[in-house]
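Have the sequence and the 3D view at hand as you read.

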Amino acid sequence: MSAPPLAGLADLAATTRGRAERAGTLATRYVERLPVVAERRRELMARALEPDQDPAHALQAVHQALAGGTAEHAVAAYDSVRARVALGYGAARTPAGPVLAHDAHGRERLGTTPPLARASMAPRAWPGARWAARLRWRGRAVELRRTSGVHGTRDDAAQIESPDPRGRWSHAAARRRIVLLALIIAQTWIATAFMTNVLPYHGTQALEIATLVLFAILFGWISAGFWTALAGFALLARGRDRHAISAALRNGGARRPIPADARTAIVMPICNEDVPRVFAGLRATYESLAETGALDRFDFFVLSDTGGADTRVAEVEAWMTLCRAVEGFGRIFYRWRQHRIKRKSGNIADFCRRWGRNYRYMVVLDADSVMTGACLTALVRMAEANPNVGIIQTAPRAAGRDTLYARVQQFATGAYGPLFTAGLHFWQLGESHYWGHNAIIRVAPFMRHCALARLPGSGALSGEILSHDFVEAALMRRAGWAVWIAYDVPGSYEEMPPNLIDELSRDRRWCQGNLLNFRLFLMKGLHPAHRAVFMTGVMAYLSAPLWFAFLILSTVMLSVHELSIPEYFTEPYQLFPVWPQWRPEWAVSLFSATALLLFLPKILAGVLIAAREPAGYGGRARLCASLVGEMALSALLAPIRMLFHTQFVLTALAGRSVRWRSPPRDDAQTSWGDALARHAVHTLLGTSWAAFVWWLNPAYLWWLLPVVGALILSIPLSVYTSRVGLGRRLRRRRYFLIPEEARPPAVIRATRRYVKRALPPADAAMAVVDPMLNALMAAHGTARFRVPASARRARAALVERALRDGLAGLAPAERGRLVGDPVALSELHLRVWSEPAADVAWSAARELARPPPPAPWRPVAATLAARPAA
């Protein structure tokens, strides 16, 4: 039976009353979340609870009151964006005006970027099949004259080659490279001849010839590293270098004022990074630069390629919080790129096209980079003193990790890195490496010559250039600009991968990038030094399958020797037999000589440290123990890396591409399950290999044990070296210590402090619920009210699904579209706080109160007026 009419009216009245009470309660709780004074809160409460007001409009009335009583748009929550941003983050201003202002269409726009100053940076297409013959060298002076037409630069054609007006460094570099090549060839020739006598048939059989070819290539690779480290040791031990680019800082050069027109942009491309760590490092760098008194010569740009909605929200809030903390509005900028083409190189090129003509230099940072103000200003002064220099690369020191694996790598980088970096400088001089970060770049020639087109063709070794830094350095030098390594300038820091698996994931991307770059090896006009750089980039990974093939051939030769009848007559009409001879004592001598080439540079590095700064490495006794421990661990990890790198090379050559993900920025530990999944095949291979060799000849297993033993132990090695607790215990005992741990620089200490103080990162759900964060994200986007009917229907459907199912019911792309649409975000915000239908999906999120952003701890900008200009 149907209910009586009066009963139905009573139920309807009760339902309406319940909804009104519920709407009034939500509106009251919403007002309580606003950081307003008590009088203003009472006023807003009264507006929300007016007795004659339609309950559905309770929260709309609050937003209209916040907006001053105006209703300009169809979504009331968008009208109050300016007021809510001011409540949560203050009415920030820059010399050019308020940070939050109306655009030409009357929409609220958050000024996270400066006005556009567009310039051209158009890539030239790589030629086709006969590109090597058609690409012509245009001449350095011509290219430099063309460069001078870009705003903010000078015509440096008067000095087209080097900081030395007489060009002496280029002649010295040529002589040194001839000596290096002679040393490598001579040493490899002697070792290969020795290896020939070790083999039983002295290189007369096919297997032995193949083995000798591989041995010669690999020994030459080891020899190149040995002489590089030895040259670096001689340079550091001597303590003087007349060709160093840092010579400009001597005799008062380090205190020379930076010209007002020498503007520098510090750019940090990021993509789905650890937001608190990124902005903590950026803040530490900013404050260190402010202490030099040269802050007014620099601007900071965070260039985001982030695709995740949660991380994007966290980045916008972190930018606002950083700017408030250091009063950095108008000097720290944030740009989110919607179309993420060409990854990091495309992000840098996008910055150059938009704002590059405003700056003479840019310093490129990675997401984990930290640099001191003294280092940044030194880079600018060196570039100013050498107007023909296109790139100056610093030598970053690794610091900031706690896992055992990362701490060992940090120790190795700190102990041995200076030798190899100084050695690279010794052989390369003005044709050096660029590693893509912690380097200063002259913007105008970079824009003119370093735009990168896609490589033609199909497959993994075509398309976008991945390891862009080597190519950019080669193109810069090809245009006549020098590329230097400032190996002796301190204050540049980065972080290492926390564990072996993460390092290998990074190596896979680098492997494919270096193999792809080798397609440019024969490009007309490249300097021979940069052809060598391309070659070393390839050999860094190609050496792994060569080593693997060498070991396999050695095992095959053993099998032939043990399982077949020896061949005494190897040639027709041979009168006398050839007796196969194994000479283990010669093999031991050759093995010892090879080990000497590998480990002597490390010993020399230890000698240099023990003589100059042993305290920073835990003292001489712990330094020696750390050196031995690092050598042992590196020897165990080498076969594991060999197999992984072999796999990377083969899959890249087979046409399989890799996903380019940002590396982890925290101390991630490897689980037993992950280690088993990544190393199980290698463990099985090592066990089978050892068993087979034992079956052939147990005596030979001792020669192969360093390889197969490491493969068998790969799973526990990967797990235990990733442990944070083990790394910290060894640090407390001062093993694998580095100066950045013994006496942390101020920027490292500041970075750690700001990471600890940071609030948990905001996410997309908080951007929907929190009144201030919602307004901030709405102001950051572009509100489009006049859209086609189909777009309006899609927007309404997206909001309805998010209201009913929460963000978990949306695909990642839909969540990104929601946080990037101020109209949809404002409408969802209003309905989440006003409709009881949202209780199921959003009640828990509404309960999570987020404290207002912290007030500035130390207003850096307020202290600048008292300091002299740089």
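Two strands count as paired when DSSP finds at least two bridges between them. Strands here (E, at least two residues) and helices (H or I, at least four) are DSSP runs, numbered from the N terminus. Please keep in mind that this is a predicted model, in which local features need pLDDT of at least 70 and side-chain atom pairs count only at pLDDT 80 or more, while totals for chains, interfaces and linings use all residues. Residues are numbered from 1 along each chain as its sequence is written, and side-chain values use heavy atoms, with hydrogens and water left out.

**The sheet around S10**

- Strand S10 spans residues 389-394, and six of its six residues are buried (buried means under 20% relative accessible area, exposed over 50%, and partly exposed in between, with a 1.4 Å probe and protein chains only).
- With strand S12 (residues 439-442), S10 pairs in the antiparallel sense over three bridges; Ile391 has Ile441 as its bridge partner there, and Gln393 stands opposite Ala439.
- With strand S13 (residues 482-486), S10 runs parallel and is joined by five bridges, Val389 being partnered by Ala482.
- Strands of a sheet pair through backbone hydrogen bonds, either parallel or antiparallel.
- Zooming out, the order S7-S6-S5-S8-S12-S10-S13 describes an open sheet of seven strands with mixed pairing.
- Strand S7 (332-336) and S13 stand at the edges with a single partner strand each, so one side of each has no neighbour in the sheet.
- On average, neighbouring strands of this sheet are turned by 20° against each other, direction ignored (axes are lines fitted to C-alpha atoms, for helices over the stretch in contact, and angles run from 0 to 180 degrees between N-to-C directions).

**Helices across the sheet**

- Helix H12 (residues 343-355) lies across S5 (264-270), S6 (298-304), S7 and S8 (361-364), and runs at about 145° to S5; contact here means heavy atoms within 4.5 Å.
- Helix H16 (residues 468-478) lies across S10, S12 and S13, at about 125° to S13.

**Salt bridges**

- How many salt bridges does a search of the whole structure find? There are 32, each being a side-chain nitrogen of Lys or Arg within 4 Å of a carboxyl oxygen of Asp or Glu.
- One of them joins Arg263 and Asp299, whose closest N and O atoms are 2.8 Å apart.
- Arg263 lies in the loop between helix H9 (206-238) and S5, and Asp299 in strand S6, so this pair ties together parts that are 36 residues apart in sequence.
- Asp299 is buried, with a relative accessible area of 6%.
- Asp366 and Lys344 also meet through their side chains in a salt bridge (2.8 Å, N to O).
- This pair links distant parts of the chain, 22 residues apart: Asp366 is in the loop between S8 and strand S9 (370-371), and Lys344 is in helix H12.
- Asp366 counts as buried at 19% relative accessibility, whereas Lys344 is partly exposed at 21%.
- Glu287 and Arg283 form a salt bridge too (2.9 Å, N to O); they sit four residues apart in helix H10 (residues 275-291), about one helical turn, and both are buried.
- Glu800, Glu827, Arg831 and Glu835 are linked in a network of salt bridges.

**Nonpolar cores**

- A nonpolar core is a set of buried Ala, Val, Leu, Ile, Met, Phe, Trp, Tyr and Cys residues joined through side-chain atoms within 4.5 Å.
- The largest has 112 residues, and those touching the most other members are Phe279, Trp319, Ile392, Leu818, Leu828 and Trp842.
- Helix H11 (residues 309-326) gives the most to this core, with eleven residues.
- Neighbours within four places in sequence aside, the contacts of Trp319 include Val99, Leu110, Phe279, Phe329 and Tyr334.
- A second, separate core has 55 residues, among them Leu558, Ile609, Leu701 and Phe736.

**A look at Leu643**

- Is Leu643 buried or exposed? At 7% relative accessibility, Leu643 counts as buried, and its place is in helix H20 (residues 620-653).
- Not counting residues up to four places away in sequence, Leu643 touches Phe548, His682, Leu685 and Leu711.
- The C-alpha atoms of Leu643 and His679 are separated by 10.0 Å, with the two residues 36 apart along the chain.
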